[in-house]
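The following report describes a single protein model from its computed geometry.

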Amino acid sequence: MAVLVLVAGGQTQVKAEELRDTFRRVKSSVVVVRTAEDQGAALLSGLLGSTGLGSGVLISEHGKLLTAAHVVQTADKVTVEFTGGAQVTARVVSSEPIADVALLQLESVPAGVEPVRLGDSDKVEVGDEVFVVGAPYGLTHTLSAGHISGRIVQDPGLGVRPGSEYLQTDAAINRGNSGGPMFNMNGEVIGIASRILSHSGGFEGIGFAATTKAVRLLLLEREPFWSGMEGIIVRGDVAAALNMSQQAGYLVQRVSQESPAWRMGIRPGALRATIRGTELLIGGDIILSCNGIGVRDEASLESIYESIRKLEPGATLPSRVLRAGQIIEVLSVVSSDPDRP
């Protein structure tokens, strides 16, 4: 029996040493993401990041960085902080709120910081060991280790819709981990921390990370898109209460300054209201259609985004908006900047 205990202890020590060495190798690529917004605190529930704080990971020597969409979607200013204390300004290049992943571009990369590799999340199996690095509650470059508990491809109840995919894990994820990398034991990024299931508000053993497969398909292999706008689809009785002339629309909550939505003149909500237990900002625009496509559900939003991606620079982008009880048409011109539609 003593021999068996010694062998098991030796294996545990070897794994601990491997994890320690891998962490040392990749930790410089992990950053703290700090944001500033003028419109007030975030209203979305079920997401990890408290306003102003998240995590991210450098994936390119040219300054490309991954984080969670809900951390930066409506930020007016984004700054990232590296392990050595260097702070660098960043801007949003592309964002996919449905999958909760976003791509940032840094103004510069500090000397000596190496980007990490994206692994193949399709090869990940339940039971695989993983670790997450981020800034839970502002505790920078914190490591938590665990296993893959499951793979969520589509589950409307969890907000997982077509085009998005998540790895479920028992590695501890808390507020501030949002956008931080999930690594396999080879030090490759296989996911981006996104959300938790929790009754207490803290980690209860069920966390989710968007897969690198989703990252590649949605951010790296197609035209970038970032609206700079956050909102919620309203329908039914809520739509009627807001005097909408159609069954559904996109109620704008917040808009990032200098974003495409801001340049279009889209107005965010201004008054807080609680409707059926959900806190909303009302008084802003309700988008009824964009580029000729009516707002019906999340799938129609994706169709709108895809149609905008196909527009050439200088093209006119029409939108129908309900503003202050009146339906108006908003016309804007697609930017010539390839990174900012």
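Leu-66 is in contact with Ser-55, Gly-56, Val-57, Ile-59, Ala-102, Leu-103, Leu-118, Gly-179, Ile-192, Val-215 and Leu-219, when its neighbours within four places in sequence are left aside; contact here means heavy atoms within 4.5 Å. The model is predicted, and local features need pLDDT of at least 70, side-chain atom pairs count only at pLDDT 80 or more, and totals for chains, interfaces and linings use all residues. Residues are numbered from 1 along each chain as its sequence is written, and side-chain values use heavy atoms, with hydrogens and water left out.

**Core and aromatic pair**

Leu-66 also belongs to the residues with the most contacts inside the largest nonpolar core, together with Val-57, Phe-183 and Val-189. This core has 26 residues. A nonpolar core is a set of buried Ala, Val, Leu, Ile, Met, Phe, Trp, Tyr and Cys residues joined through side-chain atoms within 4.5 Å. Buried means under 20% relative accessible area, exposed over 50%, and partly exposed in between, with a 1.4 Å probe and protein chains only. At least two core residues each come from helix H1 (2-26), strand S6 (101-106), strand S7, strand S11 (189-196), strand S12 (207-211) and helix H3 (212-220). H3 gives the most, with 4 residues. Helices (H or I, at least four residues) and strands (E, at least two) are DSSP runs, numbered from the N terminus. In soluble globular proteins, nonpolar side chains tend to be buried together.

Over the whole structure, a search finds 2 aromatic pairs. One of them joins Phe-131 and Phe-183, which are stacked at 5.1 Å centre to centre with 25 degrees between the planes. Phe-131 is in strand S7 (residues 129-134) and Phe-183 in strand S10 (residues 181-184), so that the pair links distant parts of the chain, 52 residues apart. Rings of Phe, Tyr and Trp (its six-membered ring) pair if their centres lie within 6.5 Å; planes under 30 degrees apart count as stacked, over 60 as edge-to-face and the rest as tilted. Both Phe-131 and Phe-183 are buried.

**Overall composition**

The secondary structure comes to 6 helices and 20 strands. Of the 341 residues, 51% count as buried. Among contacts between residues at least 6 apart in sequence, 62% join residues at least 24 apart.

**The second largest pocket**

The second largest pocket has a volume of about 340 Å³. Of its 23 lining residues, Phe-225, Met-264, Cys-290, Ile-308 and Leu-317 are the closest to its centre. Helix H5 (260-264), strand S17 (286-290), helix H6 (298-309), strand S19 (316-323) and strand S20 (326-333) each supply at least two residues of the lining. The lining divides into 18 nonpolar, 4 polar and 1 charged. Ala, Val, Leu, Ile, Met, Phe, Trp, Tyr, Cys and Pro count as nonpolar, Asp, Glu, Lys and Arg as charged, and the others, Gly among them, as polar. On a 1 Å grid over the protein atoms alone, a pocket is an open set of points where a 1.4 Å probe fits, with protein on both sides within 12 Å along at least five of seven lines; lining residues have an atom within 4 Å of a point. A volume is the space filled by probe spheres set on the points, which are joined across faces, edges and corners.

**Loop positions**

Met-244 lies in the loop between H4 and S14 and is buried, with a relative accessible area of 11%. Met-244 touches Val-234, Ala-239, Gly-249, Ile-286, Leu-288 and Leu-322, not counting residues up to four places away in sequence. Asn-243 is found in the loop between H4 and strand S14 (248-255), and counts as exposed at 61% relative accessibility. Asn-243 has a positive phi of about 60 degrees although it is not a glycine. Asn-291, in the loop between S17 and strand S18 (293-294), has a positive phi of about 55 degrees and counts as partly exposed at 22%. Most residues other than glycine have a negative phi.

Ser-28, in the loop between H1 and strand S1 (30-36), is buried at 18% relative accessible area. Beyond its sequence neighbours within four places, Ser-28 is in contact with Phe-82, Thr-83, Val-113 and Glu-114.

| Residues | Sequence separation | C-alpha to C-alpha distance |
|---|---|---|
| Asp-237 and Gln-247 | 10 residues | 9.0 Å |
| Val-153 and Ser-164 | 11 residues | 6.7 Å |
| Met-244 and Leu-288 | 44 residues | 8.8 Å |
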